[in-house]
Amino acid sequence: MSRTALRICPLCEATCGLTLTIEGTRVTKARGDRDDVFSKGFICPKGASFGAADGDPDRLRTPLVREDGELREATWDEAFDAVAAGLRPVVEEHGPHAVGVVLGNPNVHTMAGALYPPVLLAGLRTHSLFTASTVDQMPKHVSSGLLYGDAVAIPVPDLDRTDHLLLLGANPLESNGSLCTAPDFPGKLKALKARGGTLTVVDPRRTRTAKLADRHVAIRPGTDALLLAAMAYVLFEERLVDLGELAPHVQGVDELADAVRDFTPEAASQSCDVPADVIRELARELAAAPTAAVYGRIGSCTVPHGTLASWLVDVLNILTGNLDRPGGSLFPLSATDKAPRPAGPGRGFALGRWHSRVSGHPEAKGELPLSALAEEIDTATGEGSPVRALIAVATNPVLSAPDGDRLDKALGSLDFMVSVDPYLNETSRHAHVVLPPPPPSQAPHFDFAFNTFAVHNQVRYTRAAVPLEPGRMAETEILARLVLAATGMHGTDPAAVDTLVIDQTLGKAVTDPHASVHGRDPGELAAALTGDSGPERRLDMMLRLGPYGDGFGARPDGLTLAKVLAHPHGIDLGPLGPRLPQPLKTRSGKVELLPEPIAGDLPRLREALRERSEGLVLIGRRHLRSNNSWLHNVPALTGGTNRCTLHIHPEDAERLGLTDGAPVRVRGAGGAVTAPVEVTDGIRRGVVSLPHGWGHDRPGTRMSHAALDPGVNVNQLLDGSLLDPLSGNAVLNGVPVELTRTS
C-alpha cells in the first residue's frame with residue numbers, strides 16, 4: 001500500500017518542496033508540493049527523478065575498509081576503529097596541518113554536512129582545508145567580506161519585484177540559480193518580463209536564459225570585470241550615480257571614481273568585444289530603471305578577475321542606489337541566522353592569515369585553493385609536513401579540481417584517507433575507509449546554507465520520509481563519530497558531540513547582553529530543547545536563538561522546532577526587506593566601497609585592457625539534469641542534451657575541418673582529452689565549451705551507468721596554475737585551448 005510524505009529536494013540550490021509517493025520503503029514517484037510556501041509546486045527534472053537517485057543500486061550500503069590493498073565490506077565498528085587508527089598517529093607525529101579536509105558541494109545539501117564539519121575543523125585545528133568553494137563561488141565570499149565585513153553577507157536580486165535584471169555568467173534556466181535560492185527561477189524571469197521589466201544576459205553562449213532575454217550580450221569569456229568597470233565609469237562620467245538612502249552607509253565613492261577612470265567603454269570594448277555604445281546603453285538602462293539588480297555567478301567567478309567581477313556587481317548595485325531596497329539586491333534573513341545585533345563597527349574581514357605550504361597561496365575564508373591540494377600532498381619541499389592523511393566528505397576533486405591526473409596519483413600516496421560518500425567514485429576509490437551515508441529519503445532535511453541566499457524569507461523542515469534501513473547509519477551519526485575518531489575521542493557516545501555544541505552555544509549566549517537569553521541558566525535552556533535527536537535539538541536551539549525565534553519563551557509567538565513541525569509545508573516569514581546598516585561588520589561600520597585588497601588588484605585589471613586572445617578559449621556549461629559529477633549515475637538524468645560534447649561555432653568548425661559528431665582532440669596547459677564535436681551557433685566565435693563533472697572512466701569505481709557514457713574531464717585541460725589571486729579560485733573559463741582533428 002502506498003503512502004505520501006513531504007521532502008525538500010536536496011539535488012540543487014532551488015530547495016523545492018516535494019511530495020513523495022512511497023511503496024514500502026521505496027520512493028516510486030516525486031511531484032512538486034503545491035502547498036509549499038516557497039516553491040508552490042514547481043519541480044525540475046532532477047526533483048522528478050528523486051526516487052531514481054534515492055534508490056540507485058550502486059549506492060554503497062555498508063562501510064568499506066582497505067585490507068591488503070583491497071576494499072572489503074566491514075562493520076561500522078571496524079570502520080571507525082580503522083579511522084581512529086589511521087588519523088591519530090598522523091596528527092600526533094606530524095601535527096594537525098598534516099591532515100587535510102576536503103568538503104564537497106553536497107555537504108550544503110544535507111543537515112549533517114552543515115552541522116558537523118565545523119566541529120571537526122575546530123577539533124582538528126588544521127589549516128589544510130579545501131572545499132568546492134574555490135572552484136565555484138569563493139570570489140563572491142571574498143568581495144562580500146571586503147565590502148561588508150562578512151563573507152556570507154551576500155545580497156540577492158529581488159526577483160519578484162525588480163524592474164530590470166542584468167545577469168552575468170549565469171544560466172538559471174539550466175542551473176536553477178546559485179547563491180540565489182529561488183524555486184522556479186524560469187517562472188520568475190518570465191514574470192519579470194510580463195510585468196514590463198527588462199532582462200539582460202551577458203554570456204558567451206546563447207543559453208536558454210539568454211534566449212529569454214530582451215538583450216543578449218555575447219561577451220568574450222573572462223572579461224566580465226572589464227565590462228562592469230566600464231559601466232561604473234559611465235555612471236560617474238554621465239553623473240548617473242545616485243546612492244539614495246544608501247549614502248549614509250557608504251564610504252569611498254570619490255576614491256572609486258578615481259580608481260575606474262581608465263576603464264572607458266572604448267578601452268574595455270577592445271578586450272571584452274562588446275561595442276562601446278552597448279556598454280554605455282547598459283549603464284544608462286541600469287541607472288534609469290525604477291528598480292534594478294545586477295547578478296553574477298559562476299561564469300563571472302571562475303575567471304582571472306573573479307573577485308573584481310564579483311565586487312563590481314555589488315558596486316553597480318550600490319552606485320545606482322539599488323542595494324538594500326525592494327526591487328534591487330537585498331540581504332536575506334534566515335531563521336537560523338544569528339539574531340540581529342545593534343549596528344556598529346565590527347572586526348572586518350581579513351585575507352591571508354596563513355598560506356599554503358608549497359606555493360604560498362593565501363587562505364580565504366579559512367580555506368586554501370582546491371587547485372593546490374595535489375602539491376600539498378606530493379611535494380616534500382616547504383615548511384612543515386605535507387598532507388599525509390585526508391578526510392574527504394561528499395567530494396570528488398579528481399573530477400572537480402584542475403589536473404585530476406596529478407591529484408589521482410597524489411591520493412594514492414597518502415598514508416591514510418577516509419571518504420564519506422555514497423559511491424565508490426573517482427576519488428573515494430583511493431580511501432582506506434569509505435563511510436556511506438544513507439539515501440536522502442532516510443535523512444531529515446533543513447537548508448541552513450541556502451536559506452541565507454533565499455529570495456524570500458521562509459522556514460521549512462522535513463523529517464526522514466523513510467525509516468533508516470537496518471545496517472545503515474544516519475549521516476549525522478557518521479559525521480559525529482568521525483569527529484570523535486579524528487580528535488582523539490574514539491569510542492565516546494556520538495551524542496556527546498551535539499551535547500558539547502549545545503552547551504557551548506548556550507553558555508556563550510547567556511553571557512551576551514544583546515541575546516534574548518542573557519543572564520539565564522544554560523542548563524535550564526538545554527533542558528527545554530525539543531526534538532527526537534541531537535541534530536533536531538540543535539536545530540531547535542538555533543531557531544529559538546534566531547531572528548524569528550521565541551528566545552526560549554521571551555517571545556511566545558516566535559519560532560521553535562515544534563512550530564515548524566506543525567507547518568509541514570513551511571512558514572512564510574515575508575519578503576526580503578532593507579537591513580542596512582545591521583549586516584555590516586566592517587571596521588568602519590560602513591560599506592567600504594574600495595577596500596585595500598581590491599585597490600591593490602586593480603592594476604592587474606588595467607593590464608587586461610591591453611590583452612586580447614586571438615586563439616580559441618574554453619568555457620564550461622551546466623545542464624538542467626545534472627549537478628557536477630554526482631548525478632551521472634542516474635539513467636533518467638543522462639542522455640538527450642545532457643551529453644559531454646564540445647560546442648563550437650560553425651565558422652570555427654569549418655575553419656578547422658571539424659564535422660558534427662566527429663571526435664576532436666582538445667589540448668590545454670594540463671593535458672588533452674578527446675570529445676565529440678557538436679556544431680552550434682549558440683556559442684560565439686572563438687569559444688568552445690565542454691561541460692563540467694564528466695570523466696567516469698577510471699578503474700576501481702562502482703558507478704555502472706556513469707561508466708557506460710563516461711565523457712571526459714574538462715578540468716584535465718587545466719594545470720591548476722591559473723588562480724584568481726584574491727580568492728584562490730580556480731580559473732576554469734576563458735582559458736586557451738588548441739583543437740586537433742582526429743581520424
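## Strands 23 and 24

In this predicted model, strand 23, which spans residues 663–668, pairs with strand 24, made up of residues 671–679, in the antiparallel sense, and six bridges link the two. Within this pairing, Gly668 has Gly671 of strand 24 standing opposite.

In general, the strands of a sheet pair through backbone hydrogen bonds, and they may do so in either a parallel or an antiparallel way.

## The hairpin of strands 4 and 5

Strand 4, covering residues 64–67, and strand 5, covering residues 70–73, run antiparallel and are joined by four bridges. Glu67 has Glu70, in strand 5, as its bridge partner. Two residues sit between the strands of this hairpin, where Asp68 takes a positive phi near 55 degrees.

## Helix 5 and the residue after it

Helix 5 runs over residues 117–124, and its residues Pro117, Val119, Leu120 and Leu124 are buried. These four residues lie on the same side of helix 5 because they cover an arc of only 160 degrees around the axis.

The residue that follows helix 5 is Arg125, and the phi of Arg125 is positive, with a value near 60 degrees.

Technical notes: Residues numbered from 1 in each chain as written. Predicted model: local features only at pLDDT ≥ 70, side-chain atom pairs only at ≥ 80, totals over all residues. Heavy atoms only, no water. Buried < 20%, exposed > 50% of the residue type's maximum accessible area, 1.4 Å probe, protein only. Arc of directions from axis to C-beta. Pairing = 2+ DSSP bridges.
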